Amino acid sequence: MNKRIRELKKQLGDQLIIPAHHYQKQEIIACADIIGDSYKLAVDVSSIDAEYIVFCGVKFMAEGAAILAKEHQRIILPASNAGCPMADMISIDQAETAMQNIHEFCGQSAIPVVYMNAYGDLKALSGRYGGSVCTSSNAQKIMTHYLQNNTPVFFLPDYCLGINTARELSIPDEQIAIVRQDCTIETTGKPEDIKLFLWDGNCRVHQRFTTEHIERIRDEHPGIRVIVHPEVREQVAAAADYAGSTQYIYNTIQKAPAGTIWGVGTEYNFVSRVAADFPEKSIFPIFESHCSNMEKTTINNLQYMLEAIADDTLLLKYPDHIISVPESIRKDAALSLNNMISIVQEN
Ligand code: SF4
């Protein structure tokens, strides 16, 4: 951590918390008070009282914190242009049209399960229809919770997390439909049999991994265990030994015996940090894939935010970095996020 950030953190004391997502660069992680995947960060941030939450991640994550924030809290995003191409792959209008088309297609409403990697208005849609947010660490639990009531689930926006979760739950192809970006529905099954409607979105960072990368790393390192994030393509998840959220990847490698060899298929900054944290194991990226949006948070823009908080010029200098969600969206989106937290805690 640089000297000035250390001083500012000391000066701001309990007024300030810096959460950072696992995909942030090491220099940002070194400044963070909380590090985790989007589920851990959502839960941790909802229980803290600090007035300033400087969220090192991308916009949908900061929005998630703003949805759960208390009235006196300000959520600040150091890189105000840190978006997410996956979150941009569905608008609220597309989601509403898709919900209508699903109803016409199968004669009943689906429950929207919205991946954390979506904007607040989609989380609010989920809340309005009695659904929930999910993250890659709990998608299976959330999907199971709704499917056991015999109601179809509309999962959005990540097709890969949806299909990889469906495979874990042994849902056959005839019970799955894909909802294309023009909101048309494709399936090989009968409308009345469809349990899962999957929006056709994806994460470019995780789409770069291929089965050839896995074959090559297995050839190069006999005995290697391959672990990937479930945002990878279905064939890539199937070719790996394990698949799970970033927190799952971290915990699995942490618990593995010294001397084991790992090939990891997720964002590169995270993989290099896991390798640095566990030097007694050999840890390699299966391919070097960066999230350019996560990398928009820098020591400079983090320091600017802390300086502005300290001299009370935040609103004047950086209004675009203060993330808020209109009350009309916040209430329903909070319902959806709290549904996730309670479903996970019950199971
Ligand atoms: S890793 Fe993928 S899903 Fe996550 S912020 Fe980057 S583009 Fe979005």
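Q: How many cavities of 30 Å³ or more does the count come to?
A: One cavity of 30 Å³ or more. Keep in mind that this is a predicted model.

Q: OK, and how much space lies in the largest cavity?
A: About 50 Å³.

Q: Which residues line the largest cavity?
A: The lining is made up of Ser38, Leu41, Ala42, Val45, Phe55, Met61, Gly64, Ala65 and Met116. Two elements, helix H3 (38-46) and helix H4 (59-68), each give two or more residues to that lining.

Q: Which element has the largest share of the lining?
A: That's H3, with four residues.

Q: What's the split by class in that lining, nonpolar, polar and charged?
A: Seven of the lining residues are nonpolar and two are polar, with no charged ones.

Q: Switching to the ligand: which residues surround it?
A: Around the ligand you'll find Tyr23, Val58, Cys84, Pro85, Asn117, Cys203, Val205, Glu231 and Cys291.

Q: And how does that shell divide by class?
A: The shell around the ligand has seven nonpolar residues, plus one polar and one charged.

Q: Let's do helix packing. At what angle do H6 and H16 pack, and how far apart are their axes?
A: Helix H6 (residues 120-128) packs against helix H16 (residues 327-346) at about 70°, and the axes are 7 Å apart. An angle of 65 to 115 degrees counts as roughly perpendicular, so H6 is roughly perpendicular to H16.

Q: Is the crossing left-handed or right-handed where H6 passes H16?
A: Left-handed.

Q: Now the backbone. Where is the cis peptide bond with omega of about -5°?
A: It joins leucine 156 and proline 157. Proline 157 sits in the loop between strand E8 (153-156) and helix H8 (159-168).

Q: One more: which residue has a positive phi although it is not a glycine?
A: Cysteine 183, with phi at about 75°.

Q: Where is cysteine 183 found?
A: In the loop that runs between strand E9 (176-179) and strand E10 (185-187).

Notes:
Residues are numbered from 1 along each chain as its sequence is written. This is a predicted model: local features need pLDDT of at least 70, side-chain atom pairs count only at pLDDT 80 or more; totals for chains, interfaces and linings use all residues. Side-chain values use heavy atoms; hydrogens and water are left out. On a 1 Å grid over the protein atoms alone, a cavity is a set of points where a 1.4 Å probe fits but cannot get out, and a pocket is an open set with protein on both sides within 12 Å along at least five of seven lines; lining residues have an atom within 4 Å of a point. Grid points are joined across faces, edges and corners, and a volume is the space filled by probe spheres set on the points. Ala, Val, Leu, Ile, Met, Phe, Trp, Tyr, Cys and Pro count as nonpolar, Asp, Glu, Lys and Arg as charged, and the others, Gly among them, as polar. A residue is near a molecule or strand if one of its heavy atoms lies within 4 Å of it. Axes are lines fitted to C-alpha atoms, for helices over the stretch in contact, and angles run from 0 to 180 degrees between N-to-C directions. Angles under 35 degrees count as roughly parallel, over 145 as roughly antiparallel, 65 to 115 as roughly perpendicular and the rest as oblique. A crossing is left-handed if the near helix is turned anticlockwise from the far one by less than a right angle, and right-handed if clockwise.
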